Amino acid sequence: MAEVIVAKTAGFCFGVRRAVDKAFDLASEGGKLYTYGPIIHNDEVVKALSEKGAVVLSTEEELEAVSEGTVILRSHGVSRHVIEMLDKKGTDYVDVTCPFVKRIHDVVYEESAENEIIIIGNPDHPEVEGIRGWCRHDATVISSVDDALEFVGEDGKSFCVVSQTTFNYKKFQEIVEILKKKLYSINIVNTICNATRDHQAEAAEIAEAADIMIVIGDKKSSNSGKLYDICRARCDRTYFIQTLQELEEEGLDTEGADKIGITAGASTPNYIIEEVQKYVRRKL
Ligand code: SF4
């Protein structure tokens with residue numbers, strides 16, 4: 001019978017667990033509750049929270065219009081001006097920005113007093129938008145090796161480089177090597193979260209040996225997408241699903257498979273991992 005290997009690092013990381021637990025605790029207390037953006041990139045969790053009465057605010061205008069209740073600022077973090085706006089308005093808020101993200105805010109705030117900031121990450125990701133919003137002047141965002149090759153730094157400037165916490169470590173190193181050759185004065189602060197690194201390393205190790213790999217995560221989640229890329233590069237038969245239902249619909253073909261690996265993005269709740277695992281074992 002085929003062996004099923006479930007990654008030990010699969011599922012919620014420390015920062016996401018902390019944010020989700022706090023949100024459900026507050027929801028159970030009653031009263032008006034909002035989250036600024038979905039609490040995590042997982043539709044199932046967002047739906048469960050909305051059933052408890054939490055409302056997702058999508059824009060800064062909506063956030064500004066809140067006149068009562070509590071707003072949760074999620075683990076991705078927000079710009080400095082959002083915090084200032086809430087403080088000024090006296091809005092009640094609970095900031096569950098992951099401490100690892102908060103550290104990047106502190107680094108760029110301090111460093112941007114004298115240096116130019118380069119953020120390695122996806123410019124459209126809310127975490128990167130938040131980090132950008134702590135720089136005292138506009139930062140450059142580099143998301144690929146091509147971006148790094150094209151980048152021209154102003155002569156005589158010093159640079160500080162940070163990364164989105166969920167960025168792929170290998171790609172980060174490649175980009176940093178290119179930047180080091182181009183820029184005279186550069187301070188690299190590796191801000192990739194250990195949870196992400198461990199997660200990616202374990203997924204790579206399992207995928208290398210697996211005949212089939214299943215990555216569970218929301219397609220909107222950056223770290224789930226990266227896990228999928230890592231697994232797909234090592235295992236042709238890699239499935240990317242959000243729920244057990246999606247796997248059932250896609251049809252899991254276990255023919256000729258001796259090892260089936262399962263991992264899940266940092267925003268995937270445990271119960272979904274359990275369901276998928278049980279289903280896979282039943283199929284064997
Ligand atoms: S991946 Fe790391 S930085 Fe991001 S929320 Fe989780 S623990 Fe925090």
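Which residue in strand 11 is the bridge partner of M213? In the predicted model described here, the partner is T238. Because the model is predicted, local features are reported only at pLDDT of at least 70 and side-chain atom pairs only at pLDDT 80 or more, while totals for chains, interfaces and linings use all residues. Residues are numbered from 1 along each chain as its sequence is written, and side-chain values use heavy atoms, with hydrogens and water left out.

Helices (H or I, at least four residues) and strands (E, at least two) are DSSP runs, numbered from the N terminus. Two strands are said to pair if DSSP finds at least two bridges between them. Strands of a sheet pair through backbone hydrogen bonds, either parallel or antiparallel. Strand 10 (residues 212-216) pairs with strand 11 in the parallel sense over four bridges. Strand 10 also pairs in the parallel sense with strand 12 (residues 259-264), over five bridges, and V215 stands opposite T263 in strand 12. Five of the five residues of strand 10 are buried, where buried means under 20% relative accessible area, exposed over 50% and partly exposed in between (1.4 Å probe, protein chains only). Both faces of the strand are covered, with I212, I214 and I216 on one side and M213 and V215 on the other.

Y239 lies in strand 11 (residues 238-241) and is buried, with a relative accessible area of 11%. Contact is defined as heavy atoms within 4.5 Å. Leaving aside residues up to four places away in sequence, Y239 touches several residues, including I212, M213, I214 and V215, as well as Y228 and L247. The side chain of Y239 reaches the backbone nitrogen of D253 at 3.2 Å.

An open sheet of four strands has the order 3-2-4-5, with parallel pairing. Strand 3 (55-57) and strand 5 stand at the edges, each with a single partner strand, so one side of each is left without a neighbour in the sheet. Neighbouring strands of this sheet are turned by 30 degrees against each other on average, direction ignored; axes are lines fitted to C-alpha atoms, for helices over the stretch in contact, and angles run from 0 to 180 degrees between N-to-C directions. Helix 1 (residues 14-29) packs on the sheet and touches strand 2, strand 4 and strand 5, its direction making about 155 degrees with that of strand 2. Strand 4 and strand 5 run parallel and are joined by four bridges, and L73 stands opposite D95 in strand 5.

In helix 4 (residues 80-89), V82, I83, M85 and L86 are buried. Seen down the helix axis, these buried residues fall within an arc of 160 degrees, so they line one face of helix 4; the arc is that of the directions from the helix axis to the C-beta atoms. The buried residues of helix 4 pack against strand 2 (33-36), helix 3 (60-64), strand 4 (70-73) and strand 5 (92-95). Helix 4 is followed by G90, whose phi is positive, near 75 degrees.

The buried residues of helix 5 are V101, I104, H105, V107 and V108. They fall within an arc of 165 degrees when seen down the axis, so they too line one face of their helix. Among the elements covering the buried residues of helix 5 are strand 6 (116-120), helix 6 (126-132) and strand 8.

Terms used:
Polar contact = N/O pair within 3.5 Å; in protein donor to acceptor, adjacent residues only side chain to side chain.
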